[in-house]
Amino acid sequence: MLLGDFGTSYCKFLALGQEGAEPTILPSKELPPGLRVDLATGHNGRRYADRYVNELVALARGGAALITEERYVLLDCGSRDIKFIRYENGKVADMGWNAECGASMGFTIELLERYYDLDFARMQAPERTFSVTCGVLGMSDIFDAVISGVPVAEAVARFVKGIAINAYRFAGSPPRLHLSGGLCDNPIFVASFPCQVVPLGRFVLLQGLAAMAGQEKIISSRG
Amino acid sequence: MPSHAEQIPPPPSSFREVGIVGIPPLKVISALNAAGIVIHDLDEPLVRESLETASPYLPRVYCAILRTAVVNALHLPLDAIYIDTGPGKCDCALHTATILADSLPIPVIQTKNTDSTPFGTPLCQARLDPVAKMQAITRGVKSAAAPSGTPPPCPPTAGFWGVPPRDFSILSLFPETTHFYGWARCMENKTPADHTLESLYNEQVPTVFFAQSFCAKTALARYLARKHPHALYLDVDAHTSSSAKAKVQAFLELSGIS
């Protein structure tokens, strides 16, 4: 059974039932024509499968399979949107999905890294931040800072921190949060949260699909 | 300037079709019904015209219900408009009344509905398709009579709190056993300024607290959603986006509601 999480920038796949199979990642723009999967999620997923699972449901099911705590907040920062689920006593207490004002945050971070030829893995989280409401609007702050003499790397790092703080507030400013999505691999982003962060990696939605297909745990808690 | 209907005069015999915005007092609706005048509820999309045609009169970032009312007012053959600007409506309607009165060649009559006689809320508590239920409630504002033949109440499994949305498609996601709360309930009860009834919710059932984007009721919706132990706050503009629908679907599914 082939599972697919069809994100804006990247798609994640897992062949469920194949021994030793690991999740794979493919840039969305490189998807082969005619591709079909058995169970899909992600905002592009409806086009590639007969069975589609709502992204928030996949996130919640994935979180429930990976997190053993009774009370937690799970935040997914994707390329295009951010979403969170808050569980209290094992039940969903709150959720949010920001595809408009929180749009394009992950996409913009990746774009900036390439455009300015930066390596986030070798950079530190900055002290200061920008007040960022969305990826597109926040870029003006970078340009203004650079014009005023702030080094490019510092300006971009402040932008990334601003996005992390915005996502943190969107999730209800919890003292501890579990983080899902590709930005788990961005050390500046993870270090910029003003709370304890538990990165779960980018396969949490795939884990949710697997749980719905009857397989409880396909990845370790840090995929 | 719009005229104010403190002492509401009977409608002139020349009136054939009028528009209403919000919920004018029962006396106004009674008089219009008695005179056989056709009432158009301008809060609902009635004409196939773009919302952009309201933009010369109202900002684009404005309540989609009132923008819709302006579009209807511009395109329907109306003899007058009764627009409620009392405590059961909002300042946005008050300013819209001023603009319509200056822009249209027909009377724009402001009313202040403080009706307090409860008509009951059987539809809000009935087992019915939620879209049909909301349509029946909004249809009710055009009649001074209580609805007849309403179904009996059902135990609720979910709640929808808020105003009738500009785009009813969001309601199609809810089960038939959804109870309506908020201003929709005030509407059926014919007491639009009853803020106590508007603030009522049922903490025993998962509830979506809905408000139109840019409406003052967003504050109340979000406040009540935070007080409710199992709630989703949602604001939607002119059309229900796919992410808004996905949020409601996920909320209901994860709450164990099919």
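**View 1. Chain B as a whole.** Chain B contains eight helices and nine strands (DSSP runs numbered from the N terminus, with helices being H or I of at least four residues and strands E of at least two). This is a predicted model, in which local features need pLDDT of at least 70 and side-chain atom pairs count only at pLDDT 80 or more, while totals for chains, interfaces and linings use all residues. Residues are numbered from 1 along each chain as its sequence is written, and chains are lettered from A and ligands numbered from 1 in the order in which they are written. Along the principal axes, the C-alpha atoms of chain B fill a box of roughly 55 × 40 × 30 Å.

**View 2. Where chain B meets chain A.** Contact (C-beta atoms, placed from the backbone, within 7 Å) links 11 residues of chain B with 10 residues of chain A. Helix α8 (residues 242–254) of chain B supplies eight residues, the largest share of the chain B side. That side has five nonpolar, four polar and two charged residues (nonpolar: Ala, Val, Leu, Ile, Met, Phe, Trp, Tyr, Cys and Pro; charged: Asp, Glu, Lys and Arg; polar: the others, Gly among them).

**View 3. Helices α1 and α6 of chain A.** The axes of α1 (residues 55–66) and α6 (residues 204–212) of chain A come within 7 Å and cross at roughly 85 degrees (axes are lines fitted to C-alpha atoms, for helices over the stretch in contact, and angles run from 0 to 180 degrees between N-to-C directions). Residues making the contact include Ala58(A) and Leu59(A) of α1(A), and Leu205(A) and Met212(A) of α6(A). By class, the residues of this contact are 10 nonpolar, four polar and two charged.

How values were computed:
Two residues are in contact if their C-beta atoms, placed from the backbone, lie within 7 Å.
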